[in-house]
Amino acid sequence: MKAPSFLALLAASLLFVGPVQAHGDEKHGEEASAAPAATNGDAHDQAAMAQMGEPAGAGESSGAHDEAGGGHDEAGGHADEGETGIMAVLKKLHPATIHFPIALFLMAAATELFVMRRKGAGLESAVRVLVYGGAIGAVVAALFGWIHTGLWFGGDTVMQVHRWNGMLIAVLGIAMAYLANRPSQSRTWLRASIFSMAALVLIQGFLGGELAHGPHHLGISLF
């Protein structure tokens, strides 16, 4: 083979092998830089979380908080298992029924305060009507509360107090209706029951919020 032909063949071989070797080195370089890039990405994410004031374990702590608050939803999950049709609708009506007794009993307490300040205002009949309405609403709300959970007596402290305080409100509401209907010169017992009821419905509303929105939904806790 002549020298020029041999040199041309050698040059062509070098031109073919050179890009292959360069491509192989580039691939290895990408693999080598992948780990530092991932590390830098993790460090950037942690720095961003720290800048936002969120600790690195916030996700885990949030998950733990949701798990702790899940105990309040046990009653709802228990109530909805395998229910369809009209019964499923009835089980969801408890939140809609609780507002009436709360509003009516609080208005009865406010009106009774007005009666105490102005004895000749003639608002005793208004108090009586508010007490009647609140008593009926309390019984209905308690009934739908039991429909919501069924014959279930479980739950944490908040659930237990909410359940039995609701029953107390219904029973006291019936007693208040009896006192309001009975002609009497003294309103001492009626007033005591009305103001006690106002405190009970406020506590009941707070406990219902704890069950619906999670623990410490107002930043305070009774238990």
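Student: Which helix supplies the largest share of the lining of the second largest pocket?

Tutor: A pocket, found on a 1 Å grid over the protein atoms alone with a 1.4 Å probe, is an open set of points with protein on both sides within 12 Å along at least five of seven lines, and its lining residues have an atom within 4 Å of a point. Helices (H or I, at least four residues) and strands (E, at least two) are DSSP runs numbered from the N terminus, and α7 (124-149), α8 (157-181) and α9 each supply at least two residues of this lining. The largest share, 3 residues, comes from α9.

Student: What kind of model is this?

Tutor: Residues are numbered from 1 along each chain as its sequence is written, and side-chain values use heavy atoms, with hydrogens and water left out. Local features need pLDDT of at least 70 and side-chain atom pairs count only at pLDDT 80 or more, whereas totals for chains, interfaces and linings use all residues, since the model is predicted.

Student: How many helices does the protein chain have?

Tutor: Read along the sequence, the pattern of the protein chain is α-α-α-α-α-α-α-α-α. Its secondary structure comes to 0 strands, and the number of helices is 9.

Student: What volume does the second largest pocket have?

Tutor: Among the residues lining the second largest pocket are Glu-124, Arg-128, Arg-187 and Trp-189. A volume is the space filled by probe spheres set on the grid points, which are joined across faces, edges and corners. For the second largest pocket this comes to about 200 Å³.

Student: What span does α9 reach from its first C-alpha to its last?

Tutor: Helix α9 covers residues 188-213, which is 26 residues. The expected span of a helix is 1.5 Å times one less than its number of residues, and for α9 this gives 38 Å. The value in the model is close to that expectation, at 38 Å.

Student: Which residue just after α9 takes a positive phi of about 105°?

Tutor: In the segment after α9 lies His-216, which has a positive phi of about 60° although it is not a glycine. Just after α9 itself, the residue with a positive phi of about 105° is Gly-214.

Student: Is Arg-187 buried or exposed?

Tutor: Arg-187 sits in the loop between α8 and α9, and its side chain makes a polar contact (a pair of N or O atoms within 3.5 Å, one able to donate a hydrogen and the other to accept it, with residues adjacent in sequence counting only if both atoms are side-chain atoms) with the side chain of Glu-112, at 2.7 Å. Buried means under 20% relative accessible area, exposed over 50%, and partly exposed in between, with a 1.4 Å probe and protein chains only. Because its relative accessibility is 18%, Arg-187 counts as buried.

Student: How far apart in space are Pro-95 and His-148, C-alpha to C-alpha?

Tutor: Pro-95 is in helix α5 (residues 94-97) and is partly exposed, with a relative accessible area of 45%. Pro-95 and His-148 are 53 residues apart in sequence, but in space their C-alpha atoms are separated by 9.5 Å.

Student: What percentage of residues 188-207 is helix?

Tutor: An unreviewed UniProt entry places the feature "transmembrane region" at four spans, including 188-207; such positions are given in the numbering used here, with feature names shortened, and annotations may be inferred rather than shown by experiment. The end C-alpha atoms of residues 188-207 lie 29 Å apart, and the span is 0% strand while its helix content is 100%.
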